There are 2 protein chains.
Amino acid sequence: MATEDVANRLVQLCRKGKNKKAIDELYSKDIVSIEPVAGPAGGAVTEGIEGVRKKAEWWEENNEVHSAEISKPMVGRGEFAVRMEYEVTFKPTGQRNKMVEMAHYKVKKGKIVEEQFFYHMPGA
Amino acid sequence: MATEDVANRLVQLCRKGKNKKAIDELYSKDIVSIEPVAGPAGGAVTEGIEGVRKKAEWWEENNEVHSAEISKPMVGRGEFAVRMEYEVTFKPTGQRNKMVEMAHYKVKKGKIVEEQFFYHMPGA
């Protein structure tokens, strides 16, 4: 798959909330996932598809999603970006937050090999 | 200019450090610039080209840039994204930092009408 096709398919699946399917279908087994900071689900850097699956599961279990707006992909050569806006309640604290982030993906041989998340501070 | 041309020109100018020329040439006079948090140069949201020029001047005066890596643009419909890595010393404190950010731009009628910055935390 070309980078643009990977990008479009990822957005299509994420808009439907099918994040696990996206991982299964589009992610390299050697995926590297980079969060801005280490979190309760693990360190800032997660390597390998099993770790990324666990991180996604942790996120789903701990957040109630009220709304999600996912942009069309912005596509470059072997990389693409997606802007995401979520309104979620973090279940352990009951706190409702608006999150705005950019996700940056690198693609090699039709698979996503790296994802990195960039945040806009909540409440800023 | 098409979005892709605006994107390529912005990257070309930023790579040469010609940020003021980029503002003059590519920004709408009604530009809205959104930082993750309010900073010493002003609030999180700056409206209008004069405010954005002042913010750029403040940044240049207060930071010594050791290296800058600016990605090719990732282009969507009426929007694009650029990944930037800087190593800078913030002159007032003498602290040297690595910054990784995504910038997200909206384009209307050949001009950049909104820029928003998303950060990866330093040291994460």
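The same surface serves both copies, and 100% of the contact residues of chain A recur in chain B.

The model is predicted: local features need pLDDT of at least 70, side-chain atom pairs count only at pLDDT 80 or more, and totals for chains, interfaces and linings use all residues. Residues are numbered from 1 along each chain as its sequence is written, while chains are lettered from A and ligands numbered from 1 in the order in which they are written.

At the interface, 23 residues of chain A are in contact with 23 residues of chain B (contact: C-beta atoms, placed from the backbone, within 7 Å). Strands S4 (74–75), S5 (79–90), S6 (95–108) and S7 (111–120) of chain A each give two or more residues to this side. Strands (E, at least two residues) and helices (H or I, at least four) are DSSP runs, numbered from the N terminus. The chain A side divides into 13 nonpolar, five polar and five charged residues. Ala, Val, Leu, Ile, Met, Phe, Trp, Tyr, Cys and Pro count as nonpolar, Asp, Glu, Lys and Arg as charged, and the others, Gly among them, as polar.

The largest nonpolar core holds 39 residues. Such a core is a set of buried Ala, Val, Leu, Ile, Met, Phe, Trp, Tyr and Cys residues joined through C-beta atoms within 7 Å. A residue is buried with 20 or more other C-beta atoms within 10 Å of its own, exposed with 12 or fewer, and partly exposed in between. A:Met74, A:Phe80, A:Ala81, B:Met74, B:Phe80 and B:Ala81 touch the most other members. Beyond four places in sequence, B:Ala81 touches residues of both chains, including A:Met74, A:Ala81 and B:His104.

In chain B, helix H2 (residues 19–26) buries B:Ala22, B:Ile23 and B:Leu26. These cover an arc of only 105° around the axis, which puts them on the same side of H2(B). The arc is that of the directions from the helix axis to the C-beta atoms. The buried residues of H2(B) pack against H1 (3–15), S1 (27–34), H3 (49–62) and S7 (111–120) of chain B.

S3(A) pairs with S5(A) in the antiparallel sense over seven bridges (pairing: at least two DSSP bridges).

Methods
Contact = placed C-beta atoms within 7 Å.
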